[in-house]
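Work through the exercises below with the structure in view. Try each task before reading its solution.

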Amino acid sequence: MLDEIDEGQVVLVDRHRECAADSIASCETPVHRAIYRRTDARAVIHTHSPYAVALSLLEDAVMPIDSEGIAFLGECCSARSTR
């Protein structure tokens, strides 16, 4: 849960190149880095939720409905810009 994350759980990695922290951050770090390089994305939302996977196949845009989602993503974010 976002409200339970503390700074000890955050791993900083270099946005532009491989670094020593990659191995402890996530095996998906190179994929996330590629998204930042190739798009104008300002965040990567990484989940393995079956509902999120199904939604990504059905919808062209992510439209947050809660205040936290709107605060982080804005009113509407195109799903196509990060695919």
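**Exercise 1.** Decide whether Asp22 is buried or exposed.

*Solution.* Take the cut-offs: buried is under 20% relative accessible area, exposed over 50%, partly exposed in between (1.4 Å probe, protein chains only). Asp22 has 12% relative accessibility, so Asp22 counts as buried. This is a predicted model: local features need pLDDT of at least 70, side-chain atom pairs count only at pLDDT 80 or more, and totals for chains, interfaces and linings use all residues. Residues are numbered from 1 along each chain as its sequence is written, and side-chain values use heavy atoms, with hydrogens and water left out.

**Exercise 2.** Find which residue forms a salt bridge with Asp22.

*Solution.* A salt bridge needs a side-chain nitrogen of Lys or Arg within 4 Å of a carboxyl oxygen of Asp or Glu. Arg33 is the partner, with the closest N and O atoms 2.8 Å apart. Asp22 lies in helix α1 and Arg33 in helix α2 (residues 29-38), so the pair ties together parts 11 residues apart in sequence. Helices are DSSP runs (H or I, at least four residues), numbered from the N terminus. Arg33 is buried too, at 5% relative accessibility.

**Exercise 3.** State how many salt bridges the whole structure holds.

*Solution.* The search finds two. One of them joins the side chains of Asp14 and Arg17, at 3.0 Å from N to O. Asp14 is partly exposed, because its relative accessible area is 25%.

**Exercise 4.** Count the disulfides.

*Solution.* The rule asks for a pair of cysteine sulfur atoms within 2.5 Å. The count is zero. Cys19 is partly exposed at 26%; Cys27 is exposed at 71%.

Conventions. Helices (H or I, at least four residues) and strands (E, at least two) are DSSP runs, numbered from the N terminus.
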